[in-house]
Amino acid sequence: MLQHDKPRILIVEDSIESLAIWFEVMVTDYLLVTAVSGEEVLRMASTSPLPDLILLKVMMPDMDGFEVYRRLKNRQDTADIPVIFITARPNEENEIQAFNVGGVDYLSTSISPVVVMGRVKTHLILHKARRDLADERDRLQSERKVIEDILLSMWEQPLLREDFVRILSVPVERTSGDIFLLARRPDGFIHAMVGDSTGHGLSSAIIGPMVMDIFHAMTGKGFSPEEILREINRKLYRAPRNIFMASCFVELSPGLDVIRLWNGGMPEVLFLRKEKWFLEWPSDHFPLGIKPTLLLFETISPHRINS
């Protein structure tokens, strides 16, 4: 193994005899560097390349190992380096303090070399696993940000502006499966749709652009609510992972005097006119995407808003 491929271990020890023992046990498998004081540890621990692990003596001439450790933890570049406390005179109080401050282990210089090597190897493996996990988390977060930006750009579609419509949307996450759609057919009828996808985050947000495209494209071509809902249901039903969308679809006549409504899995829909509730409509259908076929507007009588 090349020297630069070996894990780098900083040994803090002012005894030549003890250092000779550490070197005899570890020099074959590790790249070893040494320090004899707390100030030297702080300087060397932050000098590139950083150590992968520190064997830190509890008692030193300028400051004890616990103070050195606290200073290491308070610096961003050295905070994650695992530290094993070592001592020639182990006692229970020091051992408890070593773990309380955050040390990964506590060893006596008189311990068997085989045990020392096993402990060191274990903590290096754990440190590498944590570092790899953090790198993977950062990579996934970066990829998620890219996907979110793409999804958000796909959500940017013009919304029909009407004086009688007010919208309040407060999603829990940056990307969500909540939608509100409003568009006018060529014959003047207005379509409005509110949807809430199963789950949260990207898994639910991913279906929003598909639903939006179907809604706007078919409304713009003059399709009826029945045809639009059937097409959305067909696409969602064929999607993987049991994706579905609770939704409410409203059709308003050009004169805004007749309304037809379909509610699949949403809370009770309330309609307000002149500060009075004139229509309440509970859910009486399955959400979109659960069943292969839908029972739609054929069973719902038109409601006159001005009656």
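Predicted model: local features only at pLDDT ≥ 70, side-chain atom pairs only at ≥ 80, totals over all residues.
Which residue in strand 2 is the bridge partner of Leu 10? It is Val 33.

The chain as a whole, briefly. The protein chain has 307 residues, and buried residues make up 42% of them. Its secondary structure comes to 8 helices and 12 strands. If we take the contacts with a separation of 6 or more, 59% of them are between residues 24 or more positions apart.

Back to the strands. In general, strands of a sheet pair through backbone hydrogen bonds, and the pairing can be parallel or antiparallel. Here, 5 strands form an open sheet with parallel pairing, and the order across it is 2-1-3-4-5. At the edges are strand 2, residues 31-35, and strand 5, residues 105-108, each of which pairs on one side only. On average, neighbouring strands of this sheet are turned by 20° against each other, with direction ignored.

Now the helices on this sheet. Helix 1, residues 16-26, lies across strands 1, 2, 3 and 4. Its direction makes an angle of about 165° with strand 2. Helix 2, residues 38-45, lies across strand 1, strand 2 and strand 3. For helix 2, the angle to strand 2 is about 140°.

What is the peptide bond from Ser 48 to Pro 49, cis or trans? It is cis, with omega near -5°.

Next, Thr 78. You will find Thr 78 in the loop between helix 3, residues 65-73, and strand 4, residues 83-87. Is Thr 78 buried or exposed? Its relative accessible area is 1%, so Thr 78 is buried. Setting aside neighbours within four places in sequence, Thr 78 is in contact with Ala 45, Ser 46 and Leu 72. Ala 45 belongs to helix 2, which spans residues 38-45.

Then the second largest pocket. It holds about 360 Å³ of space. There are 16 residues lining this pocket, and those closest to its centre are Asp 80, Ile 81, His 127, Arg 130 and Arg 131. By class, the lining has 8 charged, 5 nonpolar and 3 polar residues.

Two more residues, further along the chain. Ser 197 is in strand 7, which covers residues 190-197. Ser 197 counts as buried because its relative accessibility is 4%, and the cut-off for buried is under 20%. Ser 197 and Asp 178 are 19 residues apart in sequence, and their C-alpha atoms are 6.4 Å apart in space.

The other one is Ala 239, in the loop between helix 8, residues 225-237, and strand 8, residues 245-252. With a relative accessible area of 21%, Ala 239 is partly exposed. How far apart in space are Ala 239 and Gly 289, C-alpha to C-alpha? The distance is 8.2 Å, while in sequence they are 50 residues apart.

Technical notes: Residues numbered from 1 in each chain as written. Heavy atoms only, no water. Helix = DSSP H or I, 4+ residues; strand = E, 2+ residues; numbered from the N terminus. Buried < 20%, exposed > 50% of the residue type's maximum accessible area, 1.4 Å probe, protein only. Contact = heavy atoms within 4.5 Å. 1 Å grid on protein atoms, 1.4 Å probe; cavity = no way out; pocket = protein on both sides within 12 Å on 5 of 7 lines; lining within 4 Å. Points joined across faces, edges and corners; volume = space filled by probe spheres on them. Nonpolar A, V, L, I, M, F, W, Y, C, P; charged D, E, K, R; others polar. Pairing = 2+ DSSP bridges. Axes fitted to C-alpha atoms, helices over the stretch in contact; angles between N-to-C directions.
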